[in-house]
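Welcome, and please open the structure in your viewer. We will walk from one selection to the next, and at each stop you will read what is there.

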Amino acid sequence: MSRAADVDCDVLVVGSGAGGSVAARELAAAGRAVTVLEEGPRVSTQDLAAASPAESMRRLYRNGGATAILGTPPIAYGEACVVGGTTVVNGGLLWQPSAALLDRWATWSGYGGYRADVVGAHFARVQKRLGMIVQEHGDGNADSRLLAQAAASLGWRWQHPQRVVRGCRHRNQCATGCPSGAKQSMALSYLPDAEALGAVIEPGVRVERILHDGGGTALGVAATGPDGRPVRYRARTVFVAAGPVGTPTLLRRSGIHRRAAGRRLALHLNLRTVARFPRAVDAARGTMFTAQVQEHSALGVLVMPSNVTPGGLGAALAGRDPGQVAALLAARAHLGMFTTQVRVQGTARISAVLGGSPLLRHGLTGADHDLMRLAFRRTARLLFAAGAVELLPPTSSAPPLRSEADAAEYCARVRPGDWEPVSVHGMASCPMALPERGGVVDDHGHPHGFTNLHLCDASVLPGAPGISPQGTIMSYAHEIVARHLEST
């Protein structure tokens, strides 16, 4: 094995998603010399426009979007591995966490400094910088319009989503990278700002472990460069934002809080329902969605349309009879695909790190199963009110449902292992809380016992917020960086 090259840095940021990009931009603005290490490639808007959605899935997602969380049922977990992180492939949603949620987290964690006054002030700066808008219906979006009309007919609460887009062209490729450059991912916003302020971004660098003296001082990281050769980055300060799975895995590989890091990973689960309508809805025309039904948000349940593409629809129907799939794809203009997001109580965990990679398992509870049944029944009611004549539930072995009575019977029969959930929101794997409460980091983002090592991504959130978490992650990261700058 070749000898590792040594690189000296001032501040090292590991990861370039919602948390790492905030750290890079704010530290560079404060005059710090910042180096950002990102395992994934760097892609331009032109690259995204030239690639097919399938090509982008393979290139931009870790494991091609097919990371498995083992358990009953198995969960398909998706996260990006690219400069800009998952903000490159998400829906561009930006929701502010409620004061009630932040109060609950503060009470549980033992740290009171992340309540609505602090987090809200950071969120206001984020939304202004990213140009948050209320995304109304565009040309098309018939699936969103039908959902909104159905919610109104039932007296259910819904609203247009808050998104960080500028001049959305409704290309319907949010989940595989915006081909028009409208979505303000970190790759188009915070990271270019950071570079203009002097930060250096190094793509294709996989960080293997954090180097430290065993006494609470981080010395840098050991990594593998784009050419496959080992590199040691020595740094005065290290910020880790490798994601809700990557960050605890890196800590464990480094001998830092091995028992606590990754012990609990909070999740939002997505149940995908395909609905057939009697007339063409052309759901591929429009953006990912322009309506979100929030009537049951207190239960942790949200309903929204998904982007309908041949690949996305094929993935949702993958376990069904090939003849049925072919017929449905031929009738694609009459189909809409809808996501029911459920905030579950049971958590996942990193049960082992094998060959440097995490093995994930979950422990969903009976209450989670009951909530998924309730969530699907409410979704079915909504979609039949929208005019659907047939629903394909998130269980490949289940027949089509043609009435609310069919949906009720399905929910009475469905077993925990029958569900086919996916997840794109993981959080709280290294929560900010007192050690005796299961916390891994303190209110400065320091892993307990460390002074110059910070975590600043989704892993530090005390729990699952029940909303798209990007705004919460970025607000927490802003406060962690601000506290670091105040103390140095």
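Start with the lining of the second largest pocket, which divides into seven nonpolar, nine polar and three charged residues. Here Ala, Val, Leu, Ile, Met, Phe, Trp, Tyr, Cys and Pro count as nonpolar, Asp, Glu, Lys and Arg as charged, and the others, Gly among them, as polar. The pocket holds about 380 Å³ of space. To centre your view, select Ser 98, Ser 297, Pro 465, Gly 466 and Ile 467, the closest to the pocket's centre of the 19 residues that line it.

A word on terms: on a 1 Å grid over the protein atoms alone, a pocket is an open set of points with protein on both sides within 12 Å along at least five of seven lines, a cavity is a set where a 1.4 Å probe fits but cannot get out, and lining residues have an atom within 4 Å of a point. Points are joined across faces, edges and corners, and a volume is the space filled by probe spheres set on them.

The model is predicted: local features need pLDDT of at least 70, side-chain atom pairs count only at pLDDT 80 or more, and totals for chains, interfaces and linings use all residues. Residues are numbered from 1 along each chain as its sequence is written, and side-chain values use heavy atoms, leaving out hydrogens and water.

Next, the cavities. How many of 30 Å³ or more does a search of the whole structure find? There are two. For the largest cavity, select Cys 168, Arg 171, Cys 174, Cys 178 and Thr 287, which lie nearest its centre among 15 lining residues. Its space is about 100 Å³, and its lining has six nonpolar, five polar and four charged residues.

For the second largest cavity, of about 40 Å³, select Leu 102, Trp 105, Ala 106, Ser 109, Tyr 111, Tyr 114, Met 432, Pro 462 and Tyr 476. Helix H4 (residues 99-109) gives the most to this lining, with four residues. Helices are DSSP runs (H or I, at least four residues), numbered from the N terminus. Eight of the lining residues are nonpolar, one is polar and none is charged.

Last stop: select helix H5 (residues 116-130) and helix H13 (residues 470-487), which pack at about 110° with their axes 8 Å apart. That makes H5 roughly perpendicular to H13 (angles of 65 to 115 degrees count as such). Axes are lines fitted to C-alpha atoms over the stretch in contact, and angles run from 0 to 180 degrees between N-to-C directions. In the contact (heavy atoms within 4.5 Å), residues of H5 including Phe 123 and Arg 129 meet residues of H13 including Met 474 and Glu 479.

Notes. Helices (H or I, at least four residues) and strands (E, at least two) are DSSP runs, numbered from the N terminus. Angles under 35 degrees count as roughly parallel, over 145 as roughly antiparallel, 65 to 115 as roughly perpendicular and the rest as oblique.
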